[in-house]
Amino acid sequence: MAEGSEVLFYQLDRQPLEQVLPSLVEKTLERGWRAVIQSGNARRLEALDNALWTYRDDSFLPHGTKADGDAETQPVYLTTEDDNPNEAGVRFLVDGATISGYDGYIRVVHMFDGRDTDAVQQAREAWRAATDAGCTATYWQQGENGGWQKKASR
């Protein structure tokens, strides 16, 4: 049972993942948590790797991939697998990535394109799986100004 794990669903409608993800990862690191970002697409993972280094002129997010080595020391680890070599407490799932279980995570964050009907359907299935596993689930949607509005909780 994964009781205690919080599962958040972020529906991206107005901004792309490369703009939204860095700020959520920043907040994760500010709390002293490690993160794993899992993508369902290797090409997108490479783009996210670059985006985390360059998303702001005055900052970057320390992270690594399997190619970088020393996975266990990375505050943020990017992967296409269901692994957790840096013992992260937060897992971000993007581009259709799925999780095999919630145990060991403080938070699991599903990020999906609200304009993609397949992604929305997959998020609905993930919501059911999370709540069936005993997790607390919250659904967030971007408002007109780009801020997040809580739409549902269970």
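Student: Is F60 buried, partly exposed or exposed?

Tutor: This is a predicted model, and the values discussed here are computed from it. The relative accessibility of F60 is 46%, and the range between 20% and 50% is the one that decides the class. Because its value falls in that range, F60 counts as partly exposed.

Student: Which class does the ring pair of W53 and F60 belong to?

Tutor: A pair of aromatic rings is described by the distance of the centres and the angle of the planes. For W53 and F60 the centres lie 5.2 Å apart and the planes meet at 35°, while W53 itself, at 40% relative accessibility, is partly exposed. Since planes under 30 degrees apart would be stacked and those over 60 edge-to-face, the pair of W53 and F60 is tilted.

Student: How many residues apart are Y10 and W140, whose rings also pair?

Tutor: The count by this rule is 4 aromatic pairs. In the pair of Y10 and W140 the ring centres are 6.3 Å apart and the planes stand at 15°, so these rings are stacked. Y10 sits in strand 1 (residues 6-12) and W140 in strand 6 (residues 136-142), so that the pair links distant parts of the chain, at a separation of 130 residues.

Student: Within what arc do the buried residues of helix 3 fall?

Tutor: Helix 3 (residues 117-132) buries A119, V120, A123, A126, W127, A130 and T131, and these pack against strand 1, strand 5 (107-113), strand 6 and strand 7 (148-153). An α-helix has 3.6 residues a turn, so residues three or four places apart point the same way. On the other side of helix 3, T117, D118 and D132 are exposed. The buried residues line one face of helix 3 because, seen down its axis, they fall within an arc of 125°.

Student: Which residue caps the N-terminal end of helix 3?

Tutor: At that end, a side-chain oxygen lies 2.9 Å from the backbone nitrogen of D118.

Student: With which side chain does that of Q38 make a polar contact?

Tutor: Q38 lies in strand 2 (residues 35-39) and is buried, with a relative accessible area of 5%. Among the residues Q38 touches are T79, F92 and A97. Its side chain makes a polar contact of 2.9 Å with that of R91.

Note on methods
Residues are numbered from 1 along each chain as its sequence is written. This is a predicted model: local features need pLDDT of at least 70, side-chain atom pairs count only at pLDDT 80 or more; totals for chains, interfaces and linings use all residues. Side-chain values use heavy atoms; hydrogens and water are left out. Helices (H or I, at least four residues) and strands (E, at least two) are DSSP runs, numbered from the N terminus. Buried means under 20% relative accessible area, exposed over 50%, partly exposed in between (1.4 Å probe, protein chains only). A polar contact is a pair of N or O atoms within 3.5 Å; within protein, one must be able to donate a hydrogen and the other to accept it, and residues adjacent in sequence count only if both atoms are side-chain atoms. Contact means heavy atoms within 4.5 Å. Rings of Phe, Tyr and Trp (its six-membered ring) pair if their centres lie within 6.5 Å; planes under 30 degrees apart count as stacked, over 60 as edge-to-face and the rest as tilted. The arc is that of the directions from the helix axis to the C-beta atoms.
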